[in-house]
Each structure stands twice: as C-alpha cells, then as structure tokens.
Amino acid sequence: MAVNVDTVYQRVLAILNKEQRGFVSPVEFNLFANQAQMDIFEQYFYDLNQFHRLPGNETRHSDMVDLLEEKIAIFDRFQQAVTMTGANGLGTLPAHYRMGSLHFNTGARFVEIEHINLQEVNQIINSPLTAPTTERPVYIKRGEFAITCYPLAGINANVTCDFIARPAQVIWNFTTVANAPQYNATGSVQFELHASEETDLVIKILSLAGVEVRQSDVTSFASSEDAKNIQQEKS
C-alpha cells in the first residue's frame, strides 16, 4: 500500500505550524517530498548490502534483509519488453533504476543474455569457443539505455528484461479556494514507498523544510528522529 501524499503534507504542516515555525508551499513540498522519497529508496540498497554481511534471524517479520527486500519488491519489474530496432542487434532498455537480467525468447525457451564489457567484445565474438549464438547471446551497453546484442543477425526481437524501477515523481496537486491551496486527488501522485515509510518521509521532509524556513530547531528535531530510527533499525 502506497503512502498518501496528502497525509504526509498535512502532518508536515501540522508540526511546522504547531509553534508557528513557518509554511511550506505545495511547490516546495513537492520538491522536498521527491528528495525524501529518493533518499529513502536509494538507502535500501546500501542497507541491504550491509545487512547481507550480518547474521540474520529466523523470524521473517524482524529479519532486516527480508524487510528490505519486501520494500524493494514494490519496484521490481519482470519480463518488460526491450525495444529492438532494425536487424543489427540494437535495442533500447525501458527507463529503470537498476537493471537486472535480459532474456531472449528463442521460440522454445527463454535464455539469459549475458552482459559483457565493451573491452571484451572483440575477443568474445571473434573466438570460435566464445562466439555468441542465439542459445548463448551477449550484450553491451552503449549508454544509459542503449544496448547492442550479439549475434547481431539473431537477436533483433523477443528480448525482455527484469529491472528495479525508479519511484514515480510525487505530486501534491491542488486547487485554490479562498486564496488557499486545497488538496485535489485528481492529478496527485502518491508516494510509492512501503506504507511503513510514512514516518520517515515526514521526518526527512521536515529536515529539508527546516532549512527552508530557517528554523534550526525543526531541522534538529528531524535529524534526531532520523538518527533514532536508524539506530533502531541497525541495532
């Protein structure tokens, strides 16, 4: 279940306004919200790497690796089409955050297309032992989304990929009523993060808002709450 963008915004405003600490406009909130969402999202991968090095436990609901994988799973995409153009192995990957595996449908089964480095291409394709085939294809990246698959004449369609998607841009949309912004669900885009991240989103947005409204105590409060949450997760 996603985190409701209006709920987060109202909580941020309530905390800021409690002691007249300032106001965050919808435009500012949207900027802060997207920054906070990406900060939390990107931290998953660093934390996952760290917790993989530590002993886990047999209780699924408290094992940090399981919890992180559950949060990342929201963004998993499987068997997404790769746009292949012409008869020269050229393709364009879907927009993604981290690429997983590429596969080619031979008609009989799916085979993985192995990723190789540009420096390896000539050696691999020119060796009788390692030359790519439709049963053992390879690909190189030619940019963020552009790829070339080998054998050139054989991999020109039926290519799919698995990847981790980037969270959608958050939008708190509004209409103006009596010179005040009122939430409009139409056109709004919710946070895509796991529902458990609602509190962390509020804290991180408050930290950014504290800098904007020049209230060091707001920033300090948010930072201390963030540090407490990190300590709880990693202790």
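Before I turn to the sheet, one term: two strands are said to pair here if DSSP finds at least two bridges between them. What I am showing is a predicted model, and with that in mind let me start with its overall make-up.

The protein has six helices and 10 strands, and of its 235 residues, 37% are buried. If we take the contacts between residues at least 6 apart in sequence, 66% of them join residues that are at least 24 apart. The accessible surface is about 13300 Å², and carbon and sulfur atoms account for 51% of that surface.

Now to the sheet, where the order of the strands is what I would ask you to follow on the screen. Eight strands form an open sheet with mixed pairing, and reading across, the order is S1-S8-S4-S5-S6-S7-S3-S2. Strand S1, residues 76-81, and strand S2, residues 83-85, stand at the edges with a single partner strand each, so one side of each has no neighbour in the sheet. On average, and ignoring direction, neighbouring strands of this sheet are turned by 30 degrees against each other.

Inside that order, let me pick out one pair. Strand S4, residues 98-105, and strand S5, residues 110-115, run antiparallel and are joined by four bridges; along this pair, Phe104 stands opposite Val111 in S5.

Another antiparallel pair is made by strand S9, residues 174-177, and S10, again over four bridges. Val177 has Ala180 in S10 as its bridge partner, and the hairpin of these strands has two residues between them, with Ala178 taking a positive phi near 55 degrees.

Let me move on to helix H3, which covers residues 64-73. Which of its residues are buried? They are Met64, Val65, Leu68, Lys71 and Ile72. Seen down the axis of H3, these buried residues fall within an arc of 130 degrees, so they line one face of the helix. As a reminder of the geometry behind such a pattern, an α-helix has 3.6 residues a turn, so residues three or four places apart point the same way.

Lys71 forms a salt bridge with Glu197, with the closest N and O atoms 3.0 Å apart. Glu197 lies in the loop between strand S10, residues 180-183, and H5, while Lys71 is in helix H3, so the pair ties together parts that are 126 residues apart in sequence. Both Glu197 and Lys71 are buried.

Another salt bridge brings together the side chains of Arg11 and Glu198, at 2.8 Å from N to O. Because Arg11 belongs to helix H1, residues 5-18, and Glu198 to helix H5, residues 198-212, this pair ties together parts that are 187 residues apart in sequence. Arg11 is partly exposed, with a relative accessible area of 32%, and Glu198 also counts as partly exposed, at 23% relative accessibility.

The remaining salt bridge is where the side chains of Arg109 and Glu135 meet, at 2.7 Å from N to O. Arg109 lies in the loop between S4 and S5, and Glu135 in the loop between helix H4, residues 121-126, and strand S6, residues 138-141, so parts that are 26 residues apart in sequence are tied together. Arg109 counts as partly exposed, at 45% relative accessibility, and Glu135 is likewise partly exposed, at 42%.

How values were computed: Residues are numbered from 1 along each chain as its sequence is written. This is a predicted model: local features need pLDDT of at least 70, side-chain atom pairs count only at pLDDT 80 or more; totals for chains, interfaces and linings use all residues. Side-chain values use heavy atoms; hydrogens and water are left out. Axes are lines fitted to C-alpha atoms, for helices over the stretch in contact, and angles run from 0 to 180 degrees between N-to-C directions. Buried means under 20% relative accessible area, exposed over 50%, partly exposed in between (1.4 Å probe, protein chains only). Contact means heavy atoms within 4.5 Å. Accessible areas come from the Shrake-Rupley method with a 1.4 Å probe; for residues, only the protein chains shown count as cover. The arc is that of the directions from the helix axis to the C-beta atoms. A salt bridge is a side-chain nitrogen of Lys or Arg within 4 Å of a carboxyl oxygen of Asp or Glu.
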